Amino acid sequence: MDASIAIRLHANDDVVIATRQLMPGNAIPGETCTVRDLVPPGHKVAAHDIKQGESVRRYNQIIGFAKTDIAAGQHVHVQNLAVGEFERDYAVGTARFDPPKVAQPALFKGFKRANGKVGTRNYIGVIASVNCSATVVRAIANHFSRSVLAAYPNIDGVVPMPHPLGCGMNSQGEGMLALKRTMLGYAQHPNFAGVLFVGLGCEMNQVQPLIEQLGTYPEGMLGSVNIQELGGTSKAIAKGIELVEAMLPKANAFQREDAPISNLIIGLNCGGSDGYSGITANPALGGAVDMLVAHGATAILSETPEIYGAEHLLTCRAATPAIADKLIGRIAWWKHYTSVNGGEMDNNPSVGNKAGGLTTILEKSLGAVAKGGTTTLQGVYEYAEQIDTKGFVYMDTPGYDPVSATGQAAGGAQLICFTTGRGSAFGCAGVPTIKLATNNALWNRQREDMDVNCGDLLDGVPMKEISQRIFDSIIAYASGEKAQSEKLGYGNDEFLPWQIGAVM
């Protein structure tokens, strides 16, 4: 790949991608055009003349339509490219690929739980049933500082999980069901040795039905606090601290043991994407996902508003027509949902995405889908639904990072791989979040937030080598190495269930 000035991703593409600041008069090696404008790194240059109304291709896929005539060498961006409607060929099941299984899956060191699951961390969670109990949740968790937990070296921490929901919403609506799935998912999550629910008492989202729904649970590792029943805030905090203290010795008894990585569920997310995301980090992560699937592990692609326009690249990989239909149905749901809320599916990309070179939601989605690799799509799940299928799967979530990652974790993800080109700062509550930088400039500028560099693909490092780098990092971080977001304290305020429906 000659990446000295610009990259051509496919022979049929109408644009090439700048790898550095381009100036008028620059000649692009291998192309017949000469640059006409100032073109920032990661942005697009027209490889030939394009007439107004014609489609524009990148990755050999339509990313939009020319708003005006575009001359060869011109900067192609928001001033001359827009989304338009076109037919998609869903080609259901025509690109299924099941890689040969590895005879002996790689191992990681995790915490084996009584239910057969394996955690990558050993936390105790303090979960609010409603926003009204958020202050008590934080106070209970904050009591367990590093000095308090020093006597329990096998415990990674006590994680507060406050949120803004739990009341003022339809008690039987989609939003409440999603919230309950989220709370139950975290309560059953292998990264948590124990859980304490904290409720106010009069909220819509009552704690006791959740506890009953959980059923059998390790003795002494599931507790609840009701602020009103206990007589107020201070008494509730004291009781919560007492209950968590009783869990500490049992939680500390867990130690890391070798386990096959077939026990892992990896969430795939992106935030602060740029023009390099679909060239470096996302496809490199996709290569690592293919390796994980071959080892018997599971990977979850999500962020439905950010795969819109590229869903046909997933339906063609669907194991069954029913799986493809479910994905298409979620796209239809989102079109309705955005419409009734006064929005559109092409409200994306964000300001930062556009500054990084992404022009339309179609272009962003095509790059985002690359995180999912190439293997067969084995299932489609609703938000925070428990993942019970091996291999590559899809979960319907918003594109907003904290909400998406919260849903993936609730579904069982013990680790999240998060690609970023602009420098997103994020960490998921209780789940190590590996940050993958799409470009060298970000890696060098914001090193304290990044875990893996994928930008050196543009320097000639082979894609397979970077995918292996990601795969090896997943094993290391799953085995206890601290991700940068963990070192910086991210996660305590990033637990954010999806708020669906009207606030009442």
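Biologist: Which residues line the largest cavity?

Modeller: A cavity is a set of points, on a 1 Å grid over the protein atoms alone, where a 1.4 Å probe fits but cannot get out; lining residues have an atom within 4 Å of a point. Here the largest cavity is lined by Y59, C270, S273, D274, S277, G278, N282, L358, E363, K364, G367 and A368. Please note that this is a predicted model, in which local features need pLDDT of at least 70, side-chain atom pairs count only at pLDDT 80 or more, and totals for chains, interfaces and linings use all residues. Residues are numbered from 1 along each chain as its sequence is written, and side-chain values use heavy atoms, with hydrogens and water left out.

Biologist: Which helix gives the most to the lining of the largest cavity?

Modeller: Helices are DSSP runs of H or I with at least four residues, and strands are runs of E with at least two, numbered from the N terminus. Helix α10 (residues 361-369) contributes four residues to this lining, the most of any element.

Biologist: Is T304 buried or exposed?

Modeller: Buried means under 20% relative accessible area, exposed over 50%, and partly exposed in between, with a 1.4 Å probe and protein chains only. T304 counts as buried because its relative accessibility is 0%. T304 lies in the loop between β16 (298-301) and α7 (312-315).

Biologist: With which residues is T304 in contact, leaving aside its neighbours within four places in sequence?

Modeller: Contact means heavy atoms within 4.5 Å. On that basis, leaving aside neighbours within four places in sequence, T304 touches R330, I331, W334, Y394, D396 and T397.

Biologist: Which residues of α5 are buried?

Modeller: In α5 the buried residues are A236, I237, G240, I241, V244, M247, L248, A251 and N252. Their cover includes β10 (123-128), α1 (134-143) and β11 (157-161), among others.

Biologist: How do strands of a sheet pair?

Modeller: Strands of a sheet pair through backbone hydrogen bonds, either parallel or antiparallel. Two strands count as paired if DSSP finds at least two bridges between them. In this model, four strands form an open sheet in the order β1-β2-β3-β6, with antiparallel pairing. The edge strands, β1 (6-7) and β6 (75-76), each pair on one side only. Strand β2 (residues 15-18) pairs with strand β3 (residues 44-46) over three bridges, and V16 stands opposite V45 in β3.

Conventions. 1 Å grid on protein atoms, 1.4 Å probe; cavity = no way out; pocket = protein on both sides within 12 Å on 5 of 7 lines; lining within 4 Å.
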